[in-house]
Amino acid sequence: MSELYHVLGAKQFTKDELEQLFDNAMEMEKVVASGGTRAQEGRIMTTLFFEASTRTRLSFESAMHRLGGSVIGTENAAQFSSAIKGETLEDTIRIVSGYSDVIVMRHTDIGAAKRAAKVASIPVINAGDGAGEHPTQALLDAYTIRKEFGYIDGLKIAMVGDLTYGRTVHSLSYILANYQNVMIYYISPDNVRIPDNVKRYMDEKGIRYVETDDLDAVAGSIDVLYQTRIQKERFPSVEEYEKASGKYIVDGELMSRLGKQTIVLHPLPRAGEITEEVDDDPRAAYFHQAVNGLYIRMALVNKCLGEARK
Ligand code: CP
């Protein structure tokens, strides 16, 4: 039996794989524009979401439908699966492996997707594991950057906000580590700085980065401003959350200080850290970014399931 292709973390991707995936996602844009495909007809995706989601769950489900497959699942697995009766994650995954062909899972616990993959007999895709990683978000983020600029090498990217609990910045850092001469500015309040394990990885890969709390100092020289939400639900106390919240707001005034070609990304949802006045600015790319999630996830599902059926 061939080895299963799981998507568990962003470090697993090589540059060649990324570029192939982005090319395939580009093809998926054409597939969607021409009304979809039957490539995955007869295949079933299970979506198991132990945490809330709008974009990730719905874009994966849309991706499977656009590929001609079917979807089963639970959007509130903590309450509406037998987890509430005490079933272990491992048992849930063993059971779901018998009902479907691929599992897309979001969980509260760091490392949950890896635990699931150890017992699954079908591919597992990590749709976010607590404050750990969100690899498919990072793939669509990098895809968006490549689409907007035509390349990633050499870009200056500022990641702003909650860099401790914001799992997307961890995964995006790992993806960017595949590219040449990128420069990353980690800009955050002091109590939510980028974790040491992420910095160690960037050091190992020779990626240049700077940690600062001064967004104004770099605003005029960056290519990408990647804004994030302060992840209120993950803080140990309200006091700690309040220390981090409201520090960095992307508004009309900040936009006036960004370069003319600088793009603004956000994994979304937002909670006030980008004001609505920014939405009509041509540099605001966060809604296109969310749509790109569909194409990347179609390409990923094809990779996990194989493309034998047309
Ligand atoms: N970006 C992201 O993961 O959004 P959702 O939480 O809505 O899935």
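User: Let's start with the ligand's nitrogen atoms. How far from a nitrogen atom of the ligand does a polar side-chain atom of Q137 lie?

Analyst: For polar contacts, look for pairs of N or O atoms within 3.5 Å. In this predicted model, a polar side-chain atom of Q137 lies 3.0 Å from a ligand nitrogen. L268 uses its backbone instead: one of its N or O atoms is 2.9 Å from a nitrogen atom of the ligand. On the oxygen side, a polar backbone atom of T54 sits 2.7 Å from a ligand oxygen.

User: Which residues surround the ligand?

Analyst: Read the shell as a list, then by class. Around the ligand are S53, T54, R55, T56, R106, H134, Q137, P267 and L268. By class, that shell holds 5 polar, 2 charged and 2 nonpolar residues.

User: Now the sheet. What is the order of its strands?

Analyst: Start with who pairs with whom. This open sheet of 4 strands runs β2-β1-β3-β4, with parallel pairing. Since β2 (70-74) and β4 (124-129) are at the edges with a single partner strand each, one side of each has no neighbour in the sheet. On average, neighbouring strands are turned by 15° against each other, direction ignored.

User: How many bridges join β1 to β2?

Analyst: There are 5 between β1 (residues 44-49) and β2, which run parallel. Within that pair, L48 stands opposite T74 of β2. Helix α4 (residues 89-97) packs on the sheet, touching β1 and β3 (102-107), and its direction makes about 155° with that of β3.

Technical notes:
Residues numbered from 1 in each chain as written. Predicted model: local features only at pLDDT ≥ 70, side-chain atom pairs only at ≥ 80, totals over all residues. Heavy atoms only, no water. Pairing = 2+ DSSP bridges. Helix = DSSP H or I, 4+ residues; strand = E, 2+ residues; numbered from the N terminus. Axes fitted to C-alpha atoms, helices over the stretch in contact; angles between N-to-C directions. Contact = heavy atoms within 4.5 Å. Near = heavy atom within 4 Å. Polar contact = N/O pair within 3.5 Å; in protein donor to acceptor, adjacent residues only side chain to side chain. Nonpolar A, V, L, I, M, F, W, Y, C, P; charged D, E, K, R; others polar.
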